[in-house]
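Colleague: I am new to this structure and would like to learn how its features are read. May we go through them one at a time?

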Amino acid sequence: MALRAPGAQGVRVHFTGFDAAGGRVWVHDGQGEGASYSARGPYGDGDFWSEIVFGETAVVEYEPGEAAGDAVPFEIAEIAHVWRGLETKAS
């Protein structure tokens, strides 16, 4: 699934009820640059924000584990749009 925020410099995704078990979820920019998450997420509680995906589109990709059922093992509660502050500064 692709989440688009026109004009944003970056996008973050808030996951709740996350339990990918043996599967994996990637959040990336559509070119493969991004982070992956498994089990119950980085804090082990199923509730977390993804890293920032630079650009106006974040792609959420789910690869189920062998024992996965038909249901998607997480909810996307909200997304955050980064509108400014990611500009690169010349040194």
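Colleague: Is Glu63 buried, exposed or partly exposed, and why?

Modeller: A residue is called buried under 20% relative accessible area and exposed over 50%, with partly exposed in between. In this predicted model, Glu63 has a relative accessibility of 46%, and therefore counts as partly exposed. Glu63 belongs to strand β7, which covers residues 57-63.

Colleague: Which residues is Glu63 in contact with, leaving aside its neighbours within four places in sequence?

Modeller: Contact requires heavy atoms within 4.5 Å. With those neighbours set aside, Glu63 is in contact with Gly23, Arg24 and Trp26. As for Arg12, 51 residues apart from Glu63 along the chain, the C-alpha atoms of the two are separated by 20 Å.

Colleague: In what order do the strands of the open sheet lie?

Modeller: The order of the 4 strands is β1-β7-β3-β4, and their pairing is antiparallel. At the edges are β1 (2-4) and β4 (34-39), each of which pairs on one side only. From one strand to the next, the twist averages 20 degrees.

Colleague: How many bridges join β3 to β4?

Modeller: Strand β3, residues 21-28, is joined to β4 by 6 bridges, and the two run antiparallel. Val27 stands opposite Ala35 in β4.

Colleague: Is Ser50 buried or exposed?

Modeller: Ser50 counts as buried, because its relative accessibility is 1%. Ser50 is located in the loop between β5 (48-49) and β6 (53-54). Not counting residues up to four places away in sequence, Ser50 touches Arg12, Val13, Phe15, Val27 and Tyr37.

Methods: Residues numbered from 1 in each chain as written. Predicted model: local features only at pLDDT ≥ 70, side-chain atom pairs only at ≥ 80, totals over all residues. Heavy atoms only, no water. Pairing = 2+ DSSP bridges. Axes fitted to C-alpha atoms, helices over the stretch in contact; angles between N-to-C directions. Buried < 20%, exposed > 50% of the residue type's maximum accessible area, 1.4 Å probe, protein only.
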